[in-house]
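Please look through the model below before reading my notes.

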Amino acid sequence: MGQGARSRGGRSLDFFLDVMHILVGIVIVILAVISFLNPENNLVLFPLIFMLAAILNLVNGWVKIRQSGRDKRRQLKGAGLILFGSCLLLLSVISALSIWR
């Protein structure tokens, strides 16, 4: 395996991450605008917004850890993203339970 095979895989992963950021970011902005225009009727959207943000952070953290190699600083940054994503996921579950009860 040469350098070219590794860089193509890296480019496709970077492309996937870019597309994911754009699509999920657009969905989050649309849901946030809808939910703030009429918050009483759209409370259900808040857990969904938190969950999408959690997914972005968890995926980014996982990719950063996978690409870090032996670089402890990048591994720590990835672990921080995963921790923050886990907190957002917990917030999503808590807000969903409080809204739907």
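The numbered points below go from the basis of the model to its overall form and then to its surface.

1. This is a predicted model, in which local features need pLDDT of at least 70 and side-chain atom pairs count only at pLDDT 80 or more, while totals for chains, interfaces and linings use all residues. Residues are numbered from 1 along each chain as its sequence is written, and side-chain values use heavy atoms, with hydrogens and water left out.

2. The protein has three helices and zero strands (DSSP runs, H or I of at least four residues for helices and E of at least two for strands, numbered from the N terminus). Its radius of gyration, taken over C-alpha atoms, is 17 Å, well over the 13 Å that the globule rule gives for 101 residues, so the protein is more spread out than a compact globule. That rule is 2.2 Å times the number of residues to the power 0.38. The C-alpha trace spans about 55 × 25 × 15 Å along its principal axes.

3. Of the 101 residues, 25% are buried (under 20% relative accessible area; exposed is over 50%, partly exposed in between; 1.4 Å probe, protein chains only).

4. Among contacts (heavy atoms within 4.5 Å) between residues at least 6 apart in sequence, 58% join residues at least 24 apart.

5. Where does isoleucine 34 lie? Isoleucine 34 is in helix 1, residues 3–37, and counts as partly exposed because its relative accessibility is 37%.
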